[in-house]
Amino acid sequence: MFVKVCGLSTPESVREAVDAGADAVGFVLTASPREVSPEQVRILLPLVPAGVHAVGVFRNETAADAVAAAKAAGLNWVQLHGHRTADDVKTVHDAGMRLIRAVTMGASQEEFADLGEEMFLVDAAVPGSGESWDYASVRTKGIDGREWLLAGGLEPGNVAFAATAAGAWGVDVSSGVEASRGVKDLAKIRAFVHAAKTAGP
């Protein structure tokens, strides 16, 4: 099971995620309680070893602006939320970067098509709510066989069930491993990664 821990902002949380066995760490470079600056990311990046993907997360920015900010932060992975097009994917790839394209369960069926992104992410219909949802409903979207991450309402106690119900290739967590909004709980990070890693291949 591929595991991404998102919304990291301190050396302690980055170290904990990496030491626990996370495959990717996410830095939010858009308006959010978890927002960090490119300068902050550059300070944290040396804590991320080779083989662990460091991802810049964006929501309303254009693909070009996201690429520019990710480059300023020293990142080579971009995660784009919202309605995106094949041209957006091309913009990221032309910059020599790799892409996680994120949609919500409320998106149109067309948005679940493969546009050539390296990974795909399916979030709750209301992202950021922190509430669990009908994870098995993802199976109706026709994304089996792709490298895709399940997100939304995941926490250490439900990640194994949710990933199995959805048939997920990987999982992504942020609020589910927090002590308070935007503040990570190190024990929850470790528990989440362990639960996810023991849930499947």
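Which residues in α1 meet which residues in α6? Point 3 returns to this matter.

1. Basis of the note. This is a predicted model, in which local features need pLDDT of at least 70, side-chain atom pairs count only at pLDDT 80 or more, and totals for chains, interfaces and linings use all residues. Residues are numbered from 1 along each chain as its sequence is written, and side-chain values use heavy atoms, with hydrogens and water left out.

2. Overall form. The chain has six helices and ten strands; helices (H or I, at least four residues) and strands (E, at least two) are DSSP runs, numbered from the N terminus. With 201 residues, a compact globule would have a radius of gyration near 17 Å, and the 15 Å of the chain agrees with this. That radius is taken over C-alpha atoms, and the globule rule is 2.2 Å times the number of residues to the power 0.38. Along the principal axes, the C-alpha atoms fill a box of roughly 40 × 40 × 30 Å. Of the 201 residues, 50% count as buried; buried means under 20% relative accessible area, exposed over 50%, and partly exposed in between (1.4 Å probe, protein chains only). Among contacts (heavy atoms within 4.5 Å) with a separation of 6 or more, residues 24 or more positions apart account for 53%.

3. Helices α1 and α6. E12, S13, E16, A17, D19 and A20 in α1 meet L186, I189, R190 and V193 in α6. The residues of this contact divide into five nonpolar, one polar and four charged. Here Ala, Val, Leu, Ile, Met, Phe, Trp, Tyr, Cys and Pro count as nonpolar, Asp, Glu, Lys and Arg as charged, and the others, Gly among them, as polar. Two packed helices are described by the angle between their axes and the distance between the axes. The axes of α1 (residues 11-20) and α6 (residues 186-197) come within 9 Å and cross at roughly 20°. Axes are lines fitted to C-alpha atoms, for helices over the stretch in contact, and angles run from 0 to 180 degrees between N-to-C directions. α1 and α6 are therefore roughly parallel to each other; angles under 35 degrees count as roughly parallel, over 145 as roughly antiparallel, 65 to 115 as roughly perpendicular and the rest as oblique. α1 passes α6 in a right-handed crossing. A crossing is right-handed if the near helix is turned clockwise from the far one by less than a right angle, and left-handed if anticlockwise.

4. The surroundings of α1. After α1 comes G21, whose phi is positive, near 110°. G21 lies in the loop between α1 and β2 and is partly exposed, with a relative accessible area of 29%. Leaving aside neighbours within four places in sequence, G21 is in contact with V193 and K197.

5. Helices α3 and α4. These helices pack at an angle of about 25°, with their axes 9 Å apart, and are therefore roughly parallel to each other. Their crossing is right-handed. A63, A64 and V67 in α3 meet D88, T91 and V92 in α4. This contact comprises four nonpolar residues, one polar and one charged. A69 also has its place in α3 (residues 63-73); apart from neighbours within four places in sequence, A69 is in contact with L29, P38 and F58.

6. Residue W148. Strand β7 (residues 148-150) holds W148, which is buried, with a relative accessible area of 1%. Not counting residues up to four places away in sequence, W148 touches F120, V122, V138, I143, A166, G167, A168, W169 and G170. W148 and M119 are 29 residues apart in sequence and 5.5 Å apart in space, C-alpha to C-alpha.

7. Residue S175. The loop between β8 (170-173) and β9 (178-180) contains S175, which counts as partly exposed at 32% relative accessibility. Neighbours within four places in sequence aside, S175 is in contact with R34 and G130. The C-alpha atoms of S175 and S37, 138 residues apart along the chain, are separated by 19 Å.
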